[in-house]
Amino acid sequence: MKLPYWRLLLPLLVQVAIPLSLVAPYYAVITSGRTVYLRAIPVDPYDPLRGYSQILGYEFGQRRYLESLPGGKNLTAGETVYVVFSAPVQQERSLPWQPVRVSATLPQDLAPQEVVLKGRLKNGRIDYGIEEIYIPENQRDRMNAQIAEASQREQLLVEVKVDAGGRALVRAIWLQGQRYQF
């Protein structure tokens with residue numbers, strides 16, 4: 001008795017489709033996203049449950065900072081927030097992009113030098129999904145020393161890919177002119 005091919009192919013396709021569906025959104029951000037540089041502040045270098053990671057804080061991640069921007073009033077907990085960033089006048093990697101306004105809906109009127117970053121208001125802070133990076137073990141000690149030094153001089157830049165919908169993904173951090181890719 002010969003089994004039809006679809007009985008073999010269907011389970012195989014399901015096994016392939018599930019992992020692909022988990023990776024596809026990240027791949028879409030990487031391929032279609034725009035590179036943005038943001039100034040960050042290291043917050044917490046070690047989490048015993050997850051290994052060596054770096055928690056990053058952003059000035060624009062604080063509610064009171066966003067309230068000072070146009071459209072930033074009346075933010076409510078759990079609300080999705082869209083922050084519009086503008087590129088620096090000089091297109092240099094060492095200059096971070098700056099937040100210029102806040103919106104409760106995805107802005108459709110972005111200028112060519114602007115991108116939007118999507119976040120959610122939680123406990124007085126905005127979570128953009130780019131606050132935590134995992135550092136490879138072989139680079140941990142060197143990066144930790146450079147991060148500590150950079151935080152004193154405010155030279156920690158995060159390279160982020162942002163798609164048209166505001167989803168973001170950390171691609172690298174820049175420490176003292178050196179790029180560490182993730």
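## Burial and surface

Of the 182 residues in the protein chain of this predicted model, 38% count as buried. The accessible surface of the chain comes to about 11100 Å². Carbon and sulfur atoms account for 56% of that surface.

Contacts can also be sorted by how far apart the two residues lie in the sequence. Among contacts between residues at least 6 apart, 61% join residues at least 24 apart.

## Helices and strands

The protein chain contains 3 helices and 11 strands. Read along the sequence, these elements follow the pattern α-β-β-β-α-β-β-β-β-β-α-β-β-β. Helix H1 covers residues 5–32, and helix H2 covers residues 63–67.

## A sheet of four strands

An open sheet is formed by 4 strands, in the order E1-E9-E10-E11. The pairing in this sheet is antiparallel. Strand E1 (34–39) and strand E11 (178–181) stand at the edges. Each of these two has a single partner strand, so one side of each is left without a neighbour in the sheet. On average, and with direction ignored, neighbouring strands of the sheet are turned by 30 degrees against each other.

Strand E9 spans residues 156–162 and pairs with E1 in the antiparallel sense over 6 bridges. Within these two strands, threonine 35 stands opposite lysine 161 of E9. Helix H1 packs on the sheet, where it touches E1, E9 and strand E10 (168–175). The direction of H1 makes about 55 degrees with that of E10.

Are the two partners buried or partly exposed? Arginine 179 has a relative accessibility of 34% and therefore counts as partly exposed, since that class lies between 20% and 50%. Glutamate 159 has a relative accessible area of 7% and is buried, because buried means under 20%.

## Other salt bridges

Arginine 63 forms a salt bridge with glutamate 67, and the closest N and O atoms are 3.1 Å apart. Both residues lie in helix H2, 4 residues apart, which is about one turn of the helix. Arginine 63 counts as partly exposed at 27% relative accessibility, and glutamate 67 counts as partly exposed at 26%.

Lysine 122 forms a salt bridge with aspartate 127, the closest N and O atoms being 3.4 Å apart. Lysine 122 is partly exposed, with a relative accessible area of 43%. Aspartate 127 is also partly exposed, with a relative accessible area of 32%.

## Summary of the main points

The sheet E1-E9-E10-E11 is open and antiparallel, and helix H1 packs on it. Its edge strands are E1 and E11.

Technical notes: Residues are numbered from 1 along each chain as its sequence is written. This is a predicted model: local features need pLDDT of at least 70, side-chain atom pairs count only at pLDDT 80 or more; totals for chains, interfaces and linings use all residues. Side-chain values use heavy atoms; hydrogens and water are left out. Two strands pair if DSSP finds at least two bridges between them. Axes are lines fitted to C-alpha atoms, for helices over the stretch in contact, and angles run from 0 to 180 degrees between N-to-C directions. Contact means heavy atoms within 4.5 Å. Buried means under 20% relative accessible area, exposed over 50%, partly exposed in between (1.4 Å probe, protein chains only). Accessible areas come from the Shrake-Rupley method with a 1.4 Å probe; for residues, only the protein chains shown count as cover. A salt bridge is a side-chain nitrogen of Lys or Arg within 4 Å of a carboxyl oxygen of Asp or Glu.
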